[in-house]
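Biologist: Before we discuss this model, I would like each label tied to a value and a cut-off. Can we go through it that way?

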Amino acid sequence: MTKPQRFPAPALDTLPEDIRTRLLAVQEKSGFVPNVFLTLAYRPDEFRAFFAYHDALMEKDSGLTKAEREMIVVATSAANQCQYCVIAHGAILRIRAKNPLIADQVAVNYRKADITPRQKAMLDFAMKVSADAQRVSEDDFAALQPHGFSDDDIWDIAAISAFFALSNRLANFTGMRPNEEFYLMGRLPKT
């Protein structure tokens, strides 16, 4: 017998129009509605705030590629033991990096992944912000500068790490499960 969900996703027809419209647009684009949208729709005001900040960090033009941003999410989410974010953002990373292996490598041990020295330095900093932010020092900034990261890039690395620490905790306490569709995305070339 399946245990009822403590925070059930509201029915689509009961959601505020702006949230319903966003969910339908995501479904149109990807073919399904990721569970994070359904789960967070339980609290509409927080849904709006969460996704506004998500989009500000993850969709803007910056010195980080979209794949690098996803690497940050996957590495820090693995450290935070967030199954949902590792699986969902791992799928997005595979697609954005056009590399079917990278997400698994980054999730298990980014230090041994097939990534550039720049990306390793980025993830070293992201992991420190995620797990030990009170110890960030000028030495950490100095380690990033030879790799061409601007102060705005460094802010982005830190902000993505911090934001997804929030996301990881929400996913974990709600028992959010990855959609099955995520598991195969980006693993095989499109035919």
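Biologist: Why is Lys-98 called exposed?

Modeller: The structure is a predicted model. Lys-98 has a relative accessibility of 74%, and the label exposed is given over 50%, so Lys-98 counts as exposed. Its place is in the loop between H5 and H6.

Biologist: How do you know whether Gln-81 is buried or exposed?

Modeller: The relative accessibility of Gln-81 is 66%. The cut-off for exposed is over 50%, so Gln-81 counts as exposed.

Biologist: Why is His-54 called buried?

Modeller: Buried requires under 20% relative accessible area. His-54 comes out at 14%, and therefore counts as buried. The residue is found in helix H3.

Biologist: Which residues is His-54 in contact with, leaving aside its neighbours within four places in sequence?

Modeller: His-54 is in contact with Glu-59, His-89, Phe-163 and Phe-164. Contact here means heavy atoms within 4.5 Å.

Biologist: Why is Pro-10 given the label partly exposed?

Modeller: Its relative accessible area is 24%. Buried ends under 20% and exposed starts over 50%, with partly exposed in between, so Pro-10 is partly exposed. Pro-10 lies in the segment before H1. Not counting residues up to four places away in sequence, Pro-10 touches Leu-15, Leu-38, Ala-41 and Tyr-42.

Biologist: What makes a group of residues a nonpolar core, and how many residues does the largest one have?

Modeller: Membership needs a buried residue of a listed nonpolar type, joined to others through side-chain atoms within 4.5 Å. The largest such core has 53 residues, and Tyr-84, Val-106 and Leu-123 have the most contacts inside it. Helices H1, H2, H3, H4, H5, H6, H7 and H9 each supply at least two residues of this core. H9 gives the most, with 8 residues. In soluble globular proteins, nonpolar side chains tend to be buried together.

Biologist: Which residues is Val-106 in contact with, beyond its neighbours within four places in sequence?

Modeller: Val-106 is in contact with Met-71, Val-74, Ala-75, Ala-113, Ile-115 and Leu-123.

Biologist: What makes a space a cavity and not a pocket?

Modeller: In a cavity a 1.4 Å probe fits but cannot get out, whereas a pocket is an open set. The structure holds 1 cavity of 30 Å³ or more. The largest cavity has about 40 Å³ of space. Its lining includes Val-36, Leu-40, Phe-50, Tyr-84 and Cys-85. H9 gives the most to that lining, with 3 residues. By class, the cavity lining has 8 nonpolar residues, 1 polar and no charged.

Biologist: How many residues line the largest pocket, and which are closest to its centre?

Modeller: The largest pocket holds about 760 Å³ of space. It is lined by 27 residues, and Val-26, Pro-34, Phe-37, Ile-92 and Arg-96 are the closest to its centre. H5 gives the most to this lining, with 7 residues. The lining divides into 16 nonpolar, 4 polar and 7 charged residues.

Biologist: What space lies in the second largest pocket?

Modeller: About 260 Å³ lies there. Of its 13 lining residues, Leu-40, Arg-43, Glu-46, Leu-170 and Phe-173 are the closest to the centre. H2, H3 and H9 each supply at least two residues of the lining. The classes are 9 nonpolar, 2 polar and 2 charged.

Biologist: Which domain does UniProt list for residues 44-94?

Modeller: The unreviewed UniProt entry gives "domain: Carboxymuconolactone decarboxylase-like" for that range. Over residues 44-94 the chain is 80% helix and 0% strand, and the end C-alpha atoms are 30 Å apart.

Terms used: Residues numbered from 1 in each chain as written. Predicted model: local features only at pLDDT ≥ 70, side-chain atom pairs only at ≥ 80, totals over all residues. Heavy atoms only, no water. Buried < 20%, exposed > 50% of the residue type's maximum accessible area, 1.4 Å probe, protein only. Helix = DSSP H or I, 4+ residues; strand = E, 2+ residues; numbered from the N terminus. UniProt positions renumbered as here; feature names shortened; annotations may be inferred. 1 Å grid on protein atoms, 1.4 Å probe; cavity = no way out; pocket = protein on both sides within 12 Å on 5 of 7 lines; lining within 4 Å. Points joined across faces, edges and corners; volume = space filled by probe spheres on them. Nonpolar A, V, L, I, M, F, W, Y, C, P; charged D, E, K, R; others polar.
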